[in-house]
Amino acid sequence: MSDHPSRREQILYLLTQEFRDDGHTVITEEGDVYAAVLVQRGPVTIPAAKFNLSTLANQIDRSLP
């Protein structure tokens with residue numbers, strides 16, 4: 001494997017950092033990276049929304065020249 005990450009990997013890294021910095025929980029499920037909005041309801045934490053950062057990175061990479 002190359003020492004240099006691909007453009008898509010760089011985009012995914014930046015998205016992950018941005019979402020973490022904004023307070024989202026970043027998780028990996030079945031090879032995809034997600035930013036989750038979690039809501040605490042008493043003793044239970046409920047995922048209110050999940051954003052697939054892997055798919056978003058792919059879409060951004062494809063749209064760039």
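How many bridges join β2 to strand β3? Select residues 44–52, which form β3: eight bridges join this strand to β2, and the two run antiparallel. Two strands pair if DSSP finds at least two bridges between them. Helices (H or I, at least four residues) and strands (E, at least two) are DSSP runs, numbered from the N terminus.

Before continuing, please note the conventions. This is a predicted model, in which local features need pLDDT of at least 70 and side-chain atom pairs count only at pLDDT 80 or more, whereas totals for chains, interfaces and linings use all residues. Residues are numbered from 1 along each chain as its sequence is written, and side-chain values use heavy atoms, with hydrogens and water left out.

**First stop: the strands**

Select residues 25–29 and residues 32–41, which are strands β1 and β2; five bridges pair them in the antiparallel sense. Within this pairing, threonine 25 has alanine 36 of β2 as its bridge partner. On the β3 side, alanine 36 stands opposite lysine 50. Now move to alanine 35, which stands opposite phenylalanine 51 in β3. As background, side chains in a regular strand alternate between the two faces of the sheet.

**Second stop: the turns**

Select glutamate 30, whose place is in the loop between β1 and β2. The hairpin of these strands has two residues between them. Glutamate 30 has a positive phi of about 50 degrees although it is not a glycine. Is glutamate 30 buried or exposed? Its relative accessible area is 85%, so glutamate 30 is exposed. Here buried means under 20% relative accessible area, exposed over 50%, and partly exposed in between (1.4 Å probe, protein chains only).

Next, select glycine 42 in the hairpin of β2 and β3, where there are also two residues between the strands. Glycine 42 takes a positive phi near 65 degrees.

Isoleucine 46 is found in strand β3. With 38% relative accessibility, isoleucine 46 counts as partly exposed. Leaving aside residues up to four places away in sequence, isoleucine 46 touches Val37, Leu38, Val39 and Arg41; contact means heavy atoms within 4.5 Å. Draw a distance from the C-alpha atom of isoleucine 46 to that of alanine 36: the separation is 9.8 Å, for residues 10 apart along the chain.

Select residues 7–21, the 15 residues of helix α1. From its first C-alpha to its last, α1 reaches 21 Å, close to the 21 Å expected at 1.5 Å a residue. The expected span is 1.5 Å times one less than the number of residues.

Which residues of α1 are buried? They are Ile11, Leu12, Leu15, Thr16 and Phe19. These residues cover an arc of only 135 degrees around the axis, which puts them on the same side of α1. The arc is that of the directions from the helix axis to the C-beta atoms. An α-helix has 3.6 residues a turn, so residues three or four places apart point the same way. On the other side of α1, Tyr13, Leu14 and Asp21 are exposed. What covers the buried residues of α1 includes β1, β2, β3 and α2.

Zoom in on threonine 16, which counts as buried at 10% relative accessibility. Apart from residues up to four places away in sequence, threonine 16 touches Val26, Val33 and Leu53. After α1 comes glycine 23, whose phi is positive, near 95 degrees.

**Fourth stop: an aromatic pair**

Select phenylalanine 19 and phenylalanine 51. Rings of Phe, Tyr and Trp (its six-membered ring) pair if their centres lie within 6.5 Å; planes under 30 degrees apart count as stacked, over 60 as edge-to-face and the rest as tilted. By this rule, the count comes to one aromatic pair. The ring centres of phenylalanine 19 and phenylalanine 51 are 6.0 Å apart and their planes are at 40 degrees, so the pair is tilted. The pair links distant parts of the chain, with phenylalanine 19 in helix α1 and phenylalanine 51 in strand β3, 32 residues apart.

**Last stop: helix α2**

Select Leu53, Ser54 and Ala57, the buried residues of α2. Seen down the axis, they fall within an arc of 105 degrees, so they line one face of α2. They pack against α1, β2 and β3. On the other side of α2, Arg62 and Ser63 are exposed.
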